[in-house]
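Please consult the sequence and the structure shown below while reading.

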Amino acid sequence: MDIEPINFRAVEFAEIAGWASDAHELALAALLKSCRRSGTVTPACKAALALGENARRDAARAFFETHYLPHTLEGYSSSGFVTGYYEPEVRGSRERVGAFRVPVYRRPDDLVTLVPDTYRARFNEQLTAMRRDGNEFVPYYTREEIEAGALEGQDLELLYLDDPVELFFLQVQGSGLVRLSDGSTTRLSYAGKNGYPYTSIGKLLVERGEIALDAASMDTLKAWLRADPERGRRLMLENRSYIFFRELWAHEMEAGPIGAEGVALTPGRSLAVDASYHVLGTPIFVAAPKLIDEGGRPFQRLMIAQDVGSAIRGPERGDIFFGSGEAAGALAGPARQEAKFFILRPRE
């Protein structure tokens, strides 16, 4: 994907509808994670760290207005759009027993990533990883080849799930909370992909007239896949992209799912962006008036760019992290709305 040239036009905070009523202290708490992760001592991060976690709303708002200047984006062809994602909860087992027959694989040693994962959206239409085969590099196994057993016998199995549809959506979301059969829980985080372009099977069904666009949702798609398991399997195989995971360490588990920036994501405040255009850690005010938030208000919120996704392409394209579990999934599913971005660029 070519990078479209974009222009930044400075505006005033007073021009941003919803700015004054936002909970700026929540955005500051998310930003602090980015500042601590980066290790850079920019004036903005230094001031944020001095304020700390317990800053009041008025102090947090004053911080952003002092250290940043909002800009709109101009000069490119696409329109602003946001979707939602979440951390699903699934059932799993450390042993291949009973109904738990669907393996979740760790990253294989022979997988060679050709471009940084942070920029995988930009290169989604081409191979972004290969397989080391002796002294040669060849395309990695497709989803179909992996499901047919291409990785068996390599001791790559992290866990086993009881539903191939849940594994597929775990891979789409990029992380997951697994409730194990022994009563414990663990978290899985993105560790790499096989390099093939991501294909939206929901989009395929709409294009083929199987599901109406206004009826398309995650629940509708799951129901379609499960209504005829063999038909569902064939459709899922059309997405040749395959995601590998790592299991989070105990100290990482408590913080929540980890985004591409390497920090725990904050529900309603972490945003996946196209890192070809936006540096991770950048504050971005998202205005999506047709998207209704948890409180029944139009979504107008300051967020922090802390993640990426293969389908998140373009300067004004974002994916809102809604949290973990069913309730978060119910919010993320319908989140498909036009949006406008206000990029907060450091005044210094």
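## Strand 18 and its partners

Strand 14 (residues 283–292) pairs with strand 18 in the antiparallel sense over four bridges. Strands (E, at least two residues) and helices (H or I, at least four) are DSSP runs, numbered from the N terminus, and two strands pair if DSSP finds at least two bridges between them. Within this pairing, Val286 has Phe341 of strand 18 as its bridge partner.

Strand 2 (residues 68–74) also pairs with strand 18 (residues 340–346), antiparallel and over four bridges. Here Pro70 is bridged to Leu344 of strand 18.

## Basis of the model

The model is predicted; local features need pLDDT of at least 70 and side-chain atom pairs count only at pLDDT 80 or more, while totals for chains, interfaces and linings use all residues. Residues are numbered from 1 along each chain as its sequence is written, and side-chain values use heavy atoms, with hydrogens and water left out.

Three strands form an open, antiparallel sheet in the order 6-7-8. Its edges are strand 6 (111–113) and strand 8 (136–139), each of which pairs on one side only.

Strand 6 is joined to strand 7 (residues 129–133) by three bridges. Thr113 has Ala129 of strand 7 as its bridge partner.

## Two helices in contact

Helix 1 (residues 24–38) passes helix 3 in a left-handed crossing (the near helix is turned anticlockwise from the far one by less than a right angle). The contact (heavy atoms within 4.5 Å) involves residues including Leu28 and Leu31 of helix 1 and Phe63 and Phe64 of helix 3.
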